[in-house]
Amino acid sequence: MKLLALFAAVIGITFGAPSGKNTGCGKQTTAPHKSTYIVGGKESIPHSWPWQVLMRYRTSTLTCGGSLIRNNAGDLVVITAAHCVDGTENRPGDWTIDVGVHSRSGNEANQRAYTVASITTHNQYNTRTFDNDIALMKLVSTVTENADVSPICVTSLPTSDFFNQECVVTGWGTTSEGGSTSDKLQEVYKPVLSDAACTGYLSNAYNANTMLCAGLDVGGKDACQGDSGGPYACLNSQGEWDLIGIVSWGYGCARPSLPGVYADVHKYLNWIGNNA
């Protein structure tokens, strides 16, 4: 039975922006370190992943993660997993998006909360197979960019260009399968696996047309519950971070021979461009 990781970037593209608006993406003011893994966990350097957002539904303190990306108008929107927001599309105002957060219990200098104006879930999202597990959230007001808050690039490269590269997933999810969520943002580096390897591990549950997977044969490195919707990001040759995956599902957390599965962002470039 699938246990979802949910509830409790070579050349990047930015979907162009009009003259006079910020067009940067995928850059950090605070440098990260390379840590071990979320499950069993190691804390990220505060604000080293400035595109990471914390998503809260109604009274929840952590529902899912997400990423800030720049749309065609130059504004920042949130990209996340469809399973995080499924069924709430008509109630966007029930969501709060926190930016500039490292510690969930803290009140940090550039931390801000934004209300959601609209939610767009992929029209072919499948609740049984988790195909097309991607959604966008537009915000009521403009996000203020600063050292702690900025967007990630959306990759223009196919996932195959990243096979075997060590890329990073971040979130506040549980630090062990069935355990407690983290107060401080965690990170894990793990390799992007080939479609053949993913199919070998996951059989027909893995769809190479909509998904990518990442992990180690021995396990031990993974996202977990509460990390859903968050970014899986690769550093490109320009020194910028590309969003290549969105945390989607897995069989447990960090189990041997059961890599985590992500929505494959490259497969959705047209959809993102048309809906962001």
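A cavity here is a set of grid points where a 1.4 Å probe fits but cannot get out. In this predicted model, the second largest cavity holds about 50 Å³ of space. The protein chain carries three helices and 14 strands, and 56% of its 276 residues are buried.

**Chain overview**
- The secondary structure of the protein chain consists of 14 strands and three helices.
- The protein chain has an accessible surface of about 10,500 Å², and carbon and sulfur atoms account for 48% of that surface.

**Second largest cavity**
- The residues lining the second largest cavity include His47, Ser48, Trp49, Pro50 and Gln52.
- Gly100, Val101 and His102 also line this cavity, as do Asp148 and Leu185.
- Sorted by class, the lining has five polar, four nonpolar and one charged residues.
- Asp148 is the charged member of the lining, because Asp is counted as charged.

**Serine 248**
- Strand β13, which spans residues 241–249, contains serine 248.
- Serine 248 is buried because its relative accessibility is 2%, and the cut-off for buried is under 20%.
- A polar contact of 2.6 Å joins the side chain of serine 248 to the side chain of aspartate 133.

**Asparagine 71**
- Asparagine 71 sits in the loop that runs between β3 (64–70) and β4 (76–80).
- With a relative accessibility of 8%, asparagine 71 also falls in the buried class, for which the limit is under 20%.
- The backbone nitrogen of alanine 73 lies 3.0 Å from the side chain of asparagine 71.

**Asparagine 164**
- The loop between β8 (153–155) and β9 (166–171) holds asparagine 164.
- Asparagine 164 counts as exposed because its relative accessible area is 62%, and exposed residues are those over 50%.
- When neighbours within four places in sequence are set aside, asparagine 164 is in contact with Pro191 and Val192.
- Alanine 214 is 50 residues from asparagine 164 along the chain, and the C-alpha atoms of these two residues are 8.9 Å apart.

Definitions and conventions. Residues are numbered from 1 along each chain as its sequence is written. This is a predicted model: local features need pLDDT of at least 70, side-chain atom pairs count only at pLDDT 80 or more; totals for chains, interfaces and linings use all residues. Side-chain values use heavy atoms; hydrogens and water are left out. On a 1 Å grid over the protein atoms alone, a cavity is a set of points where a 1.4 Å probe fits but cannot get out, and a pocket is an open set with protein on both sides within 12 Å along at least five of seven lines; lining residues have an atom within 4 Å of a point. Grid points are joined across faces, edges and corners, and a volume is the space filled by probe spheres set on the points. Helices (H or I, at least four residues) and strands (E, at least two) are DSSP runs, numbered from the N terminus. Buried means under 20% relative accessible area, exposed over 50%, partly exposed in between (1.4 Å probe, protein chains only). Accessible areas come from the Shrake-Rupley method with a 1.4 Å probe; for residues, only the protein chains shown count as cover. A polar contact is a pair of N or O atoms within 3.5 Å; within protein, one must be able to donate a hydrogen and the other to accept it, and residues adjacent in sequence count only if both atoms are side-chain atoms. Contact means heavy atoms within 4.5 Å.
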